Amino acid sequence: MSGVPDFVNTLLPFLPEWIRAVVFYGVVALILFISVILTMAFLTLAERRVIGSIQARIGPNRVGPGGLLQPFADVLKLMLKEIVVPTASNKFLFIIAPLLAVIPALAAWAVVPLWPGFAVADINAGLLYLLALSSAGVYGVILAGWATNSKYAFLGAMRAAAQMVAYEIAMGFALVGVVMAAGSLNLGEIIERQSGGYFSYFFWWMIPLFVVYFISGVAETNRAPFDVVEGESEIVAGFHVEYSGMAFAVFFVAEYVNMILISALTAIFFFGGWLSPFEGYPLPGFITAPGFHWLFLKLAFFLFCYLWFRATFPRYRYDQIMRLGWKVFIPVTLVWLAVLGVFFAYDIGPWSK
Amino acid sequence: MSITEILFYAFSGVLLVSAIGVITARNPVHAALFLVFSFFNSAVLWILLEAEFLAIVLVLVYVGAVMVLFLFVVMMLDVKIAEVREGFTRYAPLGILIALIVVAEIGSVVFVKTLGQEVTPVTQVAAEAGYSNTGALGELLYTKYLYPFELAAVILLLAIVAAIVLTMRRRAGLKQQDIGAQVSVRAQDRIRVVKMPPVIEGGEKQS
C-alpha cells in the first residue's frame with residue numbers, strides 16, 4: 001500500500017499530513033489486528049472440533065449454534081480469572097513476557113500481502129523483516145521461563161531457546177531458495193513471480209524446501225509434535241506453568257497467531273498466496289481471479305494440517321528434535337539449494353521465461 | 001523540529017539510557033536484556049537513516065540469534081555479586097585508562113573537522129522511488145567487494161570448525177546412539193523365534 005488515499009485527505013483536511021498518515025495506518029492496522037484476533041479465536045474452536053472428530057468425539061457444541069460462541073465464553077472466563085504473580089518471580093519481566101511473545105507475532109502481519117496490491121507496509125525487505133520478527137518472538141518464552149523462577153518453567157525456556165534457534169536456521173535456508181527463484185525480498189513480488197496457474201507455483205520446484213519450511217514452522221510455533229517446550233508429561237506446562245488468566249491467554253494468542261502466520265507464509269512462498277490456481281481456465285470469474293479468498297483457502301488448509309499433526313503424531317523426544325533440525329533439515333536445504341542453482345544455470349523451471 | 005528529528009532524539013535518548021543500563025545493572029540477565037533493548041533502538045535509528053537492511057539484519061542476527069544464546073548462558077550462571085566486585089580496585093586504573101582512550105577516539109572522530117583532517121562529505125541523497133537499499137548493498141557485496149566478503153565468510157567458517165573441533169572429543173565409555181543402525185534394524189536381529197513341539201499337560205504327545 002503506498003500513500004494515504006484521497007478520501008482520508010478530504011475527510012480530515014484540518015490535520016497535518018503526518019498525523020493523517022498516522023491516523024490512516026493506525027485504523028488499517030487496527031482492522032487487521034481485529035481480523036487476525038477473530039481468526040485466532042475461531043481457530044481455537046476449529047482445533048477442538050477437528051481434533052474431536054478425528055478422535056471420534058463431538059467437541060464443544062453447546063455455546064451458541066454448533067459451539068460458535070465458545071471462543072468468546074473462553075475469553076470471558078480467562079478475563080475473570082485472577083492473575084497470580086509468584087512471590088519469588090521477577091515481577092516486571094513476568095508481566096512483560098507475554099507481551100514480548102505476542103507483539104512480534106502481530107507485528108509480522110504488517111508485511112503480509114492479503115490481496116493483489118495490498119499489504120499494510122509494502123516494504124522491499126519484507127522477508128527479512130519477517131525473519132527478524134520471528135526470531136525476536138523467542139524472547140517472550142525465554143523471559144517467561146526465567147522470570148517465573150521455577151525449575152519447570154526454566155527447563156521449558158531453555159528447550160524453547162535451543163529449539164527455536166535450531167529451526168530458524170533451517171527455515172531461513174528454505175527461504176533462500178524462494179528468494180533465488182523470485183529475485184526479490186518483497187512478498188508481493190514473490191507472489192507475482194508464481195503467476196500462471198497451479199503449475200507455476202514454487203512448490204513443484206522446491207518440494208524438499210517446502211517440507212523443511214512447514215515442519216520448521218510447526219517447530220517454531222512449539223506445536224505438537226514439537227511441543228516439548230510445554231511438555232505436560234515432563235515439565236507440567238513448561239514456560240507458562242505459573243501463568244493464569246489473561247497473562248496465559250496472551251501466550252495462547254501469540255501461539256495461535258504465529259500458527260496462522262506460518263500457514264499464510266507457506267501459502268505465499270510456495271503456493272502463490274492470493275493467486276488463483278485456475279488462472280486462464282474458462283471458469284467463472286471469482287475462481288480464476290486472484291483475491292483474498294484464495295489466500296484464505298490455502299491458509300486454512302495449512303492450519304488444518306497443524307490440527308491434523310497434533311491429533312496424529314506422538315511427541316518427539318528432545319534429542320530427536322535437535323537432531324532433526326541440525327543434522328537432517330539443514331543438510332537437506334543445502335543440497336536442494338545446490339540443485340536449484342543447477343536449475344538456474346540451465347534455465348529449467350518457470351523462472352526461465 | 002521535524003518529526004524525524006523528534007523520533008531521532010527520542011530513540012537515541014532511550015538508546016543511551018539502556019546502554020548505561022547494560023553496565024550498571026547488577027543482574028547479568030537484566031544487563032543482557034538492556035543490551036537487546038539498545039540493539040532495537042539502534043535498529044530504529046538505522047531505519048530513520050533509510051538503511052533498512054542494516055536495521056533488520058541487526059535485529060535478525062544480534063537480537064534473534066546472538067543474544068538468545070547469550071541469555072541462554074547467562075541465565076544458567078550463578079553470579080555472586082561479591083565475587084564480581086572482588087578485583088574492582090585492582091583493575092580500576094586499567095579500566096579508566098581504556099575508557100579514556102575510547103572517549104578520546106570517539107572525540108577525535110567527532111571533532112575531526114576542527115583537527116584539520118579531511119572529512120568525508122555527507123551526501124544526503126533523497127531516496128528515489130524504487131530504490132532498494134538491500135539490493136544496492138547486495139550488488140556491491142557481490143561485485144566490488146566480493147573477495148573481502150568471501151574471505152569474511154571463510155574466516156567465520158573457520159571459527160565454526162575450530163569451535164566444534166575443540167568441543168568434539170571422544171570419551172571412553174561414552175554411550176551414543178547410532179541412528180543408522182537403529183533405523184536399519186530388522187525384527188530378526190532382536191527376536192529369535194524358536195520352534196518347539198507343544199507339550200500338553202497330562203501325558204500324550206500330539207503329532
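**Entry 1: a span in chain B.** I started with residues 145–166 of chain B, where the chain is 95% helix and 0% strand and the end C-alpha atoms sit 32 Å apart. I have to keep in mind that this is a predicted model. The UniProt record, an unreviewed entry, marks "transmembrane region" on residues 6–25, 32–49, 55–79, 91–112 and 145–166 of chain B. I then checked residues 91–112 of chain B, and they come out as 91% helix and 0% strand, with 31 Å between the end C-alpha atoms.

**Entry 2: Tyr147(B).** I picked one residue to look at, Tyr147(B), which lies in helix 7 (residues 146–167) of chain B. Is Tyr147(B) buried or exposed? I get exposed, because Tyr147(B) has 8 other C-beta atoms within 10 Å, and 12 or fewer counts as exposed. I also took a distance along the chain: Tyr147(B) and Ala162(B) are 15 residues apart in sequence, and their C-alpha atoms are 22 Å apart in space.

**Entry 3: chain B overall.** I counted nine helices and zero strands in chain B. Read along the sequence, that gives me the pattern α-α-α-α-α-α-α-α-α. Of the 207 residues in chain B, 10% are buried. I also looked at contacts in chain B with a separation of 6 or more, and 52% of them join residues 24 or more positions apart.

**Entry 4: where B touches A.** Next I went to the contact between the chains, which takes 17 residues from chain B and 17 residues from chain A. Which helix gives the most to the side of chain B that touches chain A? It is helix 3 of chain B, with 13 residues. I sorted that side of chain B by class and got 13 nonpolar, three polar and one charged residues.

Entry 5: I followed helix 3 (residues 52–76) of chain B to helix 7 (residues 151–182) of chain A; they pack at an angle of about 150°, with their axes 10 Å apart. So I noted helix 7 of chain A as roughly antiparallel to helix 3 of chain B, since angles over 145 degrees count that way. Helix 7 of chain A passes helix 3 of chain B in a left-handed crossing.

Entry 6: I went back to UniProt for chain A, where the unreviewed entry lists "transmembrane region" for several stretches, including residues 160–182 and 291–309. Residues 160–182 of chain A are 100% helix and 0% strand, with the end C-alpha atoms 32 Å apart. Residues 291–309 of chain A are 95% helix and 0% strand, and there the end C-alpha atoms lie 28 Å apart.

**Entry 7: a helix pair inside chain A.** I finished with helix 2 (residues 17–54) and helix 13 (residues 292–312) of chain A, whose axes come within 10 Å and cross at roughly 45°. That makes helix 2 of chain A oblique to helix 13 of chain A, and the crossing is right-handed. Among the residues in this contact I noted Glu47(A) of helix 2 and Arg310(A) of helix 13. By class I have nine nonpolar, no polar and two charged residues for the contact of helix 2 with helix 13 of chain A.

Key. Residues numbered from 1 in each chain as written. Chains lettered and ligands numbered in written order. Predicted model: local features only at pLDDT ≥ 70, side-chain atom pairs only at ≥ 80, totals over all residues. UniProt positions renumbered as here; feature names shortened; annotations may be inferred. Helix = DSSP H or I, 4+ residues; strand = E, 2+ residues; numbered from the N terminus. Axes fitted to C-alpha atoms, helices over the stretch in contact; angles between N-to-C directions. Parallel < 35°, antiparallel > 145°, perpendicular 65-115°, else oblique. Left-handed = near helix turned anticlockwise from the far one by under 90°. Contact = placed C-beta atoms within 7 Å. Nonpolar A, V, L, I, M, F, W, Y, C, P; charged D, E, K, R; others polar. Buried ≥ 20, exposed ≤ 12 C-beta atoms within 10 Å, placed from the backbone.
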